[in-house]
Amino acid sequence: MGDFYSYFFGHLPDVWSGLAVTLEATVLGSAVALTLSFVFGFMANSRPVLVRGASRVIVEFFRGTSLYVQLFWLFYAFPLLFGYQLSPLFCGVLAFGMNYGAYGSEVVRGALNAVPRAQWEAAVALNMTPFQRMRRVILPQAWVQMIPPFTNLLIQLVKCTPLLWLIQAADLTTVVQQMRDRTGETTWAYLTLLVLYFVLAYALTLLMNALERHAAVRLGRRPAARSLLRSRSAEGARRSETAGGAR
Amino acid sequence: MATDPLQKPDTEHRAQDTVAAGHLIEFDQVVKRYGDHVVLDHLDFTVERGRHVTLIGPSGSGKTTILRLLMTLERISEGLILVGGRPLSHMAGPNGSLKPADEKYQREVRKKIGMVFQQFNLFPNMNVLQNITEAPVSVLGLDRAEAEERAGELLDMVGLREKITAHPTQLSGGQQQRVAIARALAMRPEILLLDEVTSALDPELVAGVLDLLREIAHTTDITMLCVTHEMGFARDISDQVLMFDGGRVIESGPPERIFGDPEQERTREFLSAVL
């Protein structure tokens, strides 16, 4: 134990740089995922069959193929085909973004559909344009519904970032792995990783809870302050079920 | 989709006649089907400007569908609806024919019409003031100060000035419905559609909403089309009552006659069941 931690604290700059890579992959990956969620989510809800079909095919492809294989393909196969080596971080951001964007698009589609049709009708009765209806009425209400499942996806994305180790990105896991190799302290090295990822995931959860609370207050709901500390997974699943059932 | 009525070369000409005759709304052989189920069966009726018309009849007789067609929330299956002499769901196509209206045309015709719903349908992401000012600002292009002034006046009229910053969830059903009425009026509609506006309210809240509608009926020149089960209210505010059954108007006339001395057996049966 002593060996590992004296090494760990003796090389904190390495830890920080590993953490920075992990955070970078998380933030950029989820930004790409969020964007694609909306693009494919709106496409899935649009009227033209071709647009809907295209979204369906892309989403099914990225949900149906392993993230692990996608990463390998981008990092090892892409250069063979196109003669251009993508950086590990870029591969990670792209693969995480595509993969979680595919899941996220279902969240967007579901949340848009969960806004009662009556809201759309009221907006038509006020003669709003389709864009105004979406922007001012439907989306603000759907957004509240999206946050809990988005939180789940974000946490899953964080927990997938150790895959970066496989394509030689110097993320948090890679750095701590190297420390384990140096010190031979397997137990403490992995225990430390467990704690670090938990702290990271929980910090993101708290952030998303605050965001959800803010959005809920704007809809005139007042969730208990306790809900800010709640871990999301179970709650999110239960909520999306209730939302689905109310349709 | 409508196919048959699209080939009506005389529509334009006839439309001008209707305006001259003062018909603000005209239903011409309107059919609405859901699959095989016919809700409106070659329906004809007209409403003149400034009239207050009440639609009565058993559930499922197509009353609400008429309002929903007028608000363009449903698509017409056959026939033609004219509002202010212009086809509501059709626009000029090649060679004097009509084709289904596009969004832009529909928004132009729809400007005249406002609707109040059974379930209020206030926007929960906006407070009372925002609910009322949103469309005047974004759709009519009023500046915010003007829209807020108008909203304030309307809230005075519906007696809810003190709730101006409240959220819909903080209001009772009756208050929500009064805000919804103010929201519809803020768009200055020529035609106001009222779809069972008191049906979702607790009995003690009904009177407040009906009093408000009575005031609007008596103090404005808005044409009102009203689907209601409140026969006392119908008798009180309407100039004309249309009795529906099986997707058709089976009897129409002034409220005194329809309620006092209906001609049709079916109307008598219906009224004796609800009164």
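**View 1. Lining of the largest cavity in the predicted model.** The largest cavity is lined by A:Ala122, A:Ala125 and A:Leu126 together with B:Ile113, B:Gly114, B:Met115, B:Phe117, B:Ala180, B:Arg183, B:Ala184 and B:Met187, a cavity being a set of points on a 1 Å grid over the protein atoms alone where a 1.4 Å probe fits but cannot get out, with lining residues having an atom within 4 Å of a point. Two or more lining residues come from each of helix H6 (117-125) of chain A, strand S8 (113-116) of chain B and helix H6 (173-185) of chain B, where helices (H or I, at least four residues) and strands (E, at least two) are DSSP runs numbered from the N terminus. Its volume is about 70 Å³, taken as the space filled by probe spheres set on grid points joined across faces, edges and corners. This is a predicted model, in which local features need pLDDT of at least 70, side-chain atom pairs count only at pLDDT 80 or more, and totals for chains, interfaces and linings use all residues. Residues are numbered from 1 along each chain as its sequence is written, chains are lettered from A and ligands numbered from 1 in the order in which they are written, and side-chain values use heavy atoms, with hydrogens and water left out.

**View 2. The second largest cavity.** About 40 Å³ of space lies in this cavity, and its lining includes A:Asn127, B:Arg110 and B:Leu140.

**View 3. Positive phi at B:Phe120.** Although not a glycine, B:Phe120 has a positive phi near 65°; with 9% relative accessibility, B:Phe120 counts as buried (under 20% relative accessible area, 1.4 Å probe, protein chains only).

Conventions: 1 Å grid on protein atoms, 1.4 Å probe; cavity = no way out; pocket = protein on both sides within 12 Å on 5 of 7 lines; lining within 4 Å. Buried < 20%, exposed > 50% of the residue type's maximum accessible area, 1.4 Å probe, protein only.
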